[in-house]
Amino acid sequence: MTASSREVYRDAVLDLLPRDERLVCLDSDTGLFDSAQFPERYVNLGIAEHTLMGAAAGLAKSGRMPLVNTMAAFASSRANEAVKIDIALNNLPVRIAATHSGVSAGHLGPTHHALEDLAVMRTLPNMTVVVPADGPQTGTLFRQALRLTGPVYLRLGRNATPELPDAPPVTLGLAQVLRDGADVTIAACGPYPVLAALDAADTLAAEGVSASVLNVHTVKPLDVATIAAHAGRSGIVVTVEEHWRNAGFGAAVAESLAEIAPNLVLRVAMPDAFVPVSGGQRYLAERGGVTSAAVAAKARSALGRDPR
Amino acid sequence: MTTTIDAPPAAGTAARIREHVVNLCAGPEGGHLGGSMSLAEILATLYTRVLRVDPLDPARPDRDVLLLSKGHGGLALYAALAEAGFFPPERLGEYARPGSEFMAHPHPEIPGVEMPSGSLGHGLALAVGFGLGFRLDQADRRCFVVMGDGELQEGSVWEAASVAAAQRLDNLVAVVDRNRLQITGATETIDALEPLADRWSAFGWSVRQVDGHSCEELEAALTEPPAPGRPTVVIAHTVKGKGIPFVEDQPRSHYAKLGERQHARALAALRRGAAS
């Protein structure tokens with residue numbers, strides 16, 4: 001089964017909008033929505049991302065709960081000052097649905113890739129940062145996020161990604177434990193990183209290494225307790241993300257664990273470079289080194305095992 | 001709600017705003033003097049004659065909203081809010097003290113301040129959101145956004161201006177404090193704004209131009225009903241540093257820390273101006 005997180009989000013919006021007067025869908029000409037489906041409370045402001053974020057703040061301040069739609073690159077970089085000052089500083093209930101995150105924009109190129117957004121958004125006070133790992137949990141986490149009183153950054157993809165197999169229920173703010181192991185903890189964030197983590201855990205299991213696999217879908221606030229509990233047994237954490245290695249998810253884990261226990265954190269992430277070639281999301285992520293093989297290799301090196 | 005029937009004359013309030021601003025600029029940190037002085041009549045008229053706000057209930061759901069997009073006019077806003085009764089004027093003395101919420105740029109911890117400002121080019125986008133919200137609520141409310149003229153060099157202003165017109169937000173009124181100066185000189189020599197009225201017209205706005213130091217002209221422009229389906233901009237022609245002859249119309253008035261003698265001279269000039 002595959003589903004696109006942005007389409008799951010869109011369907012959830014279509015379901016919720018008529019039933020919740022607070023919700024207003026603010027669009028920036030993304031094409032995700034068919035305006036004919038919304039008689040009211042859908043506004044396409046045009047290609048104007050600063051105004052999109054500022055207007056969302058004004059709308060929230062006037063009592064609504066705006067659902068803001070743009071691409072991750074434009075939400076996190078182009079419109080960032082409005083996100084910071086108008087939304088985060090006022091701690092307003094704005095939900096930023098950011099599609100095309102990571103390299104999911106694929107062949108659209110580096111202008112449309114967003115490999116900095118977790119770094120940017122997780123530094124903002126009051127912001128909650130959510131990265132669903134598949135379609136179904138996108139719907140669940142989005143609905144849970146509507147209960148929060150402050151702003152939320154929802155990091156979505158462009159195209160369908162596989163559903164996680166046999167995943168337990170997902171709860172905003174709590175890392176989802178997909179595997180429980182004793183030797184190494186793999187903490188992953190995002191669709192392909194979580195799949196890479198599961199695949200690496202299978203490979204390691206065949207080698208006699210038991211790995212915990214955590215789907216850390218909430219990057220802020222980070223569920224340090226669960227990560228630390230799993231790390232505490234092994235002391236070794238490998239992080240996986242579709243984001244630049246600087247200041248992203250792995251960096252967030254490393255920062256937190258460095259303050260509480262002498263853990264070893266090894267990051268699998270996109271290199272500190274733009275992605276100047278065409279390709280699909282999975283191709284570009286793997287080209288950047290975000291692979292199950294890289295995860296397994298990091299785990300082996302931390303455990304002092306020879307590569308096979 | 002304040003009403004315009006028994007409201008005090010705006011000119012007297014403007015004079016008191018100026019005196020507060022001068023006093024605050026004589027404090028240990030100084031302050032944004034010139035652009036606060038040019039705002040005195042604009043804010044005085046808004047708070048005494050135009051805005052439907054309730055100082056005893058600043059978050060009242062049916063209030064009009066005023067956004068000071070030129071956040072460096074914060075001292076004038078604090079003075080106007082104190083004069084309007086949002087907090088006692090004595091609280092102005094907290095300005096710039098360690099731990100005080102009265103910073104140079106307004107923060108919503110201050111009663112009557114709707115949104116923080118200071119980074120230029122944010123107010124109009126916020127106003128678009130308020131305008132959309134009021135319309136969805138079918139509420140008889142208006143959003144006023146006071147901008148500096150130098151601020152209009154920010155691209156985000158014109159992005160929001162275009163969106164406001166496209167959304168036909170006739171519940172939105174922008175006021176431009178056209179004092180013609182920015183930190184280092186004349187707007188027209190740095191990044192010219194003229195023909196400013198034509199620019200706004202071309203963006204689909206209804207344009208009104210007034211003497212920004214005439215409370216009567218301001219009141220007329222700010223209370224006249226909008227053109228249906230069009231946002232309104234009032235270009236208020238003002239003088240930076242207005243009321244203090246030794247800083248009037250000078251870029252260096254942008255930020256000032258008045259010494260004892262300058263403070264006394266400025267107050268004397270204000271009193272002479274008020275008496276004349």
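This report covers the cavities and nonpolar cores of the structure.

The model is predicted.

**Cavities**

Four cavities of 30 Å³ or more are found in the structure. The largest cavity holds about 130 Å³ of space. Its lining is made of 19 residues. Those closest to the centre of the largest cavity are A:Ser101, A:Leu156, A:Gly157, A:Pro191 and A:Gln281. The classes of the lining residues are set out below.

| Class in the lining of the largest cavity | Residues |
|---|---|
| Polar | ten residues |
| Nonpolar | six residues |

Where does the largest cavity lie? Domain 1 (2-162) and domain 2 (176-303) of chain A both give residues to its lining, so the largest cavity lies between them.

**Nonpolar cores**

In soluble globular proteins, nonpolar side chains tend to be buried together. Here the largest nonpolar core has 80 residues. Which of its members touch the most others? They are A:Met53, B:Leu124, B:Trp200 and B:Trp205. Helix α5 (residues 123-137) of chain B gives the most to this core, with eight residues. Chain A takes part too: domain 1 (2-162) and domain 2 (176-303) each supply at least three residues.

Leaving aside residues up to four places away in sequence, B:Trp205 touches B:Leu124 and B:Trp200, among others. Its contacts also include B:Ala161, B:Ala164, B:Ala165, B:Leu172 and B:Ala174. B:Arg230, B:Pro231, B:Thr232 and B:Val233 touch B:Trp205 as well.

Another core, of 55 residues, lies apart from the largest one. Among its residues are B:Ala10, B:Leu33, B:Ala80 and B:Leu81.

Methods. Residues are numbered from 1 along each chain as its sequence is written. Chains are lettered from A and ligands numbered from 1 in the order in which they are written. This is a predicted model: local features need pLDDT of at least 70, side-chain atom pairs count only at pLDDT 80 or more; totals for chains, interfaces and linings use all residues. Side-chain values use heavy atoms; hydrogens and water are left out. On a 1 Å grid over the protein atoms alone, a cavity is a set of points where a 1.4 Å probe fits but cannot get out, and a pocket is an open set with protein on both sides within 12 Å along at least five of seven lines; lining residues have an atom within 4 Å of a point. Grid points are joined across faces, edges and corners, and a volume is the space filled by probe spheres set on the points. Ala, Val, Leu, Ile, Met, Phe, Trp, Tyr, Cys and Pro count as nonpolar, Asp, Glu, Lys and Arg as charged, and the others, Gly among them, as polar. Domain bounds come from an automatic or database domain assignment. A nonpolar core is a set of buried Ala, Val, Leu, Ile, Met, Phe, Trp, Tyr and Cys residues joined through side-chain atoms within 4.5 Å. Buried means under 20% relative accessible area, exposed over 50%, partly exposed in between (1.4 Å probe, protein chains only). Helices (H or I, at least four residues) and strands (E, at least two) are DSSP runs, numbered from the N terminus. Contact means heavy atoms within 4.5 Å.
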